[in-house]
Amino acid sequence: MAMMTMVVWFVVAGAFAGVCAGLFGIGGGMIIVPALIWIFTAFGYSPDVVAHMAVGTSLATIVVTSISSLMAHNKRDGVRWDVWKHMAGGLVIGSLIGAAIADQINGHTLQALIGLAALMVAFKMLFLSNKEQVGKPLPSVPVQFGAGSGIGLASSIFGIGGGSLTVPFLNWAGLSMKQSVGTSAACGLPIAIAGAAGFAWFGQDVANLPEGAIGFVHIIAFISVSAASFITAKLGAKWAHQLPAATLKKAFGVLLVFAGGQLLWSGLAGMGVV
């Protein structure tokens, strides 16, 4: 019965993340990670593994959603595969390094860092905007590779697809918003694959993992969240064309303020800081 109840919550979290992904153009990680932290905590999982397992599982779900997203963008010529090719190697290397770093971070500390990251994304969505610089010459291949490495590292640690970092970089690099969003969706795939693999590998010998987890990837949560978010993302995308974009952006920013603030506070409390 407890497992069925947990699955219901996974489906609810995945459905909400999918709607948000479609509405706000994000990969869903900033919704999935806090939701999984709360669910795992509520069902008595060890605080030492809760944050890590939420991140690893979130990255695994993003593999599914990013494939769907990049295919849709590619049909509309929204993916710059030449830029993706130069960034992909860095994204993979950075994601693997990020997973290794996260493995060494205390669970409460990681939770606080995720909360801080959510607040930073919220600030960006509430107060900043991505400005196109179309026609600007692309940066050199090493710069694209280096940017991929940094984006992959941060995304892997926080369990996100990297859109909040990749889109501004691609805008700065000279891509249109359409191509920035589409190429960012494609960049989410190597981040998610490498990050999820890293969390599964580095977490395999960790104590206190629940039954049914492969390292820091919770298989039942992965399946439930992926299925629900895949279905509801289309609904969110439909609503996105019916509601004012500026209002949606502000609403998501406010949501992240509450989610990030709660995670930061609880993480600091677990560390004994507050």
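In this predicted model, a residue is called buried when its relative accessible area is under 20%.

**Exercise 1.** Determine how many residues of helix α2 are buried, and list them.

*Solution.* Begin with the extent of the element: α2 covers residues 29-42, which makes 14 residues. Applying the cut-off to each of these, one finds that 11 of the 14 are buried, and the helix is accordingly described as mostly covered. The buried residues are Gly-29, Met-30, Ile-31, Ile-32, Val-33, Pro-34, Ala-35, Leu-36, Ile-37, Ile-39 and Phe-40.

**Exercise 2.** Decide whether Ile-160 counts as buried or exposed, and identify what it touches beyond four places in sequence.

*Solution.* First locate the residue: Ile-160 lies in the loop between α6 (141-158) and α7 (163-173). Its relative accessibility is 9%, and therefore Ile-160 counts as buried. Once residues up to four places away are set aside, Ile-160 touches Gly-29, Met-30, Leu-59, Ile-62, Ser-155 and Ile-191; of these, Gly-29 and Met-30 are among the buried residues of α2.

**Exercise 3.** Find which elements of the protein chain have the lowest and the highest mean pLDDT.

*Solution.* For the protein chain, pLDDT averages 85, with 92% of the residues scoring at least 70. Among its elements, helix α10 (residues 245-271) has the lowest mean, 79, while strand β2 (residues 217-218) has the highest, 95.

Conventions
Residues numbered from 1 in each chain as written. Predicted model: local features only at pLDDT ≥ 70, side-chain atom pairs only at ≥ 80, totals over all residues. Heavy atoms only, no water. Helix = DSSP H or I, 4+ residues; strand = E, 2+ residues; numbered from the N terminus. Expected span 1.5 Å × (residues − 1). Buried < 20%, exposed > 50% of the residue type's maximum accessible area, 1.4 Å probe, protein only. Contact = heavy atoms within 4.5 Å. pLDDT = per-residue confidence, 0-100.
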